[in-house]
Structure formats: C-alpha cells, structure tokens
Amino acid sequence: MMCTGDAMQAHRIAVRLTVPVTPGLLHQLRNCAEEIYRALRDVRYARVENADTAIDTIWVRVVSTGKVRQTLKVVEKCVADELLWDRCETSVYEADGFDV
C-alpha cells in the first residue's frame, strides 16, 4: 500500500544533553527515556527507540506528521518532570535525518 503526501512521513524527536555526561546524569536521562516510553506506550504513532541504551540522546520515532507536535509536548513534559529542561534541547528531524 502506498501513501501519498506527507501524512505518513516519519519523523524523529531528539532529546540531546547539552552538558557533559556524568554517571548521575546518564541515569537521569535513561529515567526520562523510560518516562517517555510509559507516556507513549499505548499509542501507535510514536515509540522510544533507545530507552535502555541512551548515552547522550533519546530518540523518539513518530510515524505520522500530524502527531509530531502532540508527541513533542509529551516528550517536553517528561523532560521537565525529570528536571532536565535546563540540560537538554529537543529537535525534530525527518526520518532521513534532515531538520524540520
């Protein structure tokens, strides 16, 4: 089945640390990834790609362009809940790696 337009264009949201990684910060980043996973586990349009293996970036794949903003809000809430907002930045990329 083929899709037309960008309604099904996949995107990736990156939550990237902006400070050097320490063991405590790595633990906090992975806790954040798990929180994002839990927040998104019942939806079909987004998933965390590396919850257990994140080193300095959490990657969230979003399979529908129409859900990127909604997913980004969930991700940013989880980042704030984990008190990482001042040590992380979020970016949205097309699945092929180009900035959106």
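## Order of the elements

Read from the N terminus, the elements of the chain follow the order β-α-β-β-α-β, which comprises two helices and four strands; helices (H or I, at least four residues) and strands (E, at least two) are DSSP runs, numbered from the N terminus. This is a predicted model, in which local features need pLDDT of at least 70 and side-chain atom pairs count only at pLDDT 80 or more, while totals for chains, interfaces and linings use all residues. Residues are numbered from 1 along each chain as its sequence is written, and side-chain values use heavy atoms, with hydrogens and water left out.

## Confidence in the model

The predictor's confidence in each residue is given as pLDDT, from 0 to 100; the chain averages 88, and 87% of the residues score at least 70. Over residues 1-6, however, pLDDT stays under 50, and for these residues the model has two contacts beyond four places in sequence, a contact being heavy atoms within 4.5 Å. Where pLDDT is low, the predicted coordinates should not be read in detail.

## Burial and contacts in the chain

Of the 100 residues in the chain, 37% are buried, where buried means under 20% relative accessible area, exposed over 50%, and partly exposed in between (1.4 Å probe, protein chains only). Among the contacts with a separation of 6 or more, 70% come from residues 24 or more positions apart.

## Rings and charges

There is one aromatic pair in the model, by the rule that rings of Phe, Tyr and Trp (its six-membered ring) pair if their centres lie within 6.5 Å, with planes under 30 degrees apart counted as stacked, over 60 as edge-to-face and the rest as tilted. Trp59 and Tyr93 form this tilted pair, at 5.8 Å centre to centre and with 50° between the planes. Because Trp59 lies in strand S3 (residues 57-62) and Tyr93 in strand S4 (residues 88-94), the pair ties together parts that are 34 residues apart in sequence. Trp59 is partly exposed, with a relative accessible area of 21%, whereas Tyr93 is buried, at 15%.

The ring of Trp59 also has the charged end of Arg12 over it, 4.1 Å from its centre; a charge sits over a ring if NZ of Lys or CZ of Arg is within 6 Å of the ring centre and within 35 degrees of the ring normal. The charged end of Lys67 likewise sits over the ring of Tyr45, 5.0 Å from its centre.
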